[in-house]
Amino acid sequence: MMISKVDWSYKEALERLKKPVLIAAKLGIHEFVHEVLKANQCSALFRDEERRNIFLLAISYRKEKVFSLIHDQMSSIRDYTTNCRDSEDDNILHLAAKFVPSSQIPGSALQMQRELQWFKCVKDLFPSSLVYQLNKSDETPEEVFTKEHKDLVEKGEKWMRDTATSCSVVAALIITVVFAAAFTVPGGIDSNGIPNYLKATSFRIFAISTAIALFSSTTSVQMFLGMLTRVTKKKIS
């Protein structure tokens, strides 16, 4: 039986659907959330023990599909939730600023990128006045973001530094091999210094491949050294 096919009163929905829909919002099961809201739109007012409704939970747990469902299709719920606060007096941006670890994203730097993108996305979609609001700890959303992600920034810098170092070593080894190959002409040269296989297709393929490998490896070394330099300067400052 489809939930949306039943004529639910608010009391019935509160008793039977509150806990399931809040759990579904946390887990990102947008199909179930959609069905419950179609059955009774007031279900969007249900709150958990921390006073977070389904929209706030979607923001807190980074559930993009539940967030999009409400933001794009249910403007009344979205507008109501804009000024909602949880038990810690956190607004929407405070919740978006909190760090949520993810086992699906490898590397601290990539996780930091995801966190920045999510916070910026939510920030751009709501009134700018939310940026200056304080929670119970007298912190703005940006201050919460900085505090929550301090350790992740340090781990991300270390991850980038280690990765750049390893890749630089590999690229340098490739340059050494390719550079030696470039001066070791297959088939030798004649008395005039012209390669014996100059007109052979295989020789041309070899020459072009060597040039591309040398150029790519040199560019890679420069790029990774640049990354190491920026990370080091930021750490010193």
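These are my notes on a few residues that I looked up in a predicted model.

**Ground rules.** I number residues from 1 along each chain as its sequence is written, and side-chain values use heavy atoms, with hydrogens and water left out. Because the model is predicted, local features need pLDDT of at least 70 and side-chain atom pairs count only at pLDDT 80 or more, while totals for chains, interfaces and linings use all residues.

**Histidine 94.** I found histidine 94 in helix α7, residues 92–97 (helices are DSSP runs of H or I, at least four residues, and strands are runs of E, at least two, numbered from the N terminus). Its relative accessibility is 0%, so I noted histidine 94 as buried (buried is under 20% relative accessible area, exposed over 50%, partly exposed in between, with a 1.4 Å probe and protein chains only). Leaving aside neighbours within four places in sequence, I listed the contacts of histidine 94, among them Asp89, Gln133, Glu139 and Val144 (contact means heavy atoms within 4.5 Å).

**Positive phi.** Arginine 62 is not glycine, yet its phi is positive, near 60 degrees. I placed arginine 62 in the loop between α4 (54–60) and α5 (64–73); at 3% relative accessibility, it is buried. Aspartate 138 also has a positive phi near 60 degrees. Aspartate 138 sits in the loop between α8 (108–125) and α9 (141–148) and is exposed, at 55%.

**Cysteines.** I looked for disulfides and found zero (a disulfide is a pair of cysteine sulfur atoms within 2.5 Å). Cysteine 121 is partly exposed at 34%, and cysteine 167 is partly exposed at 28%.
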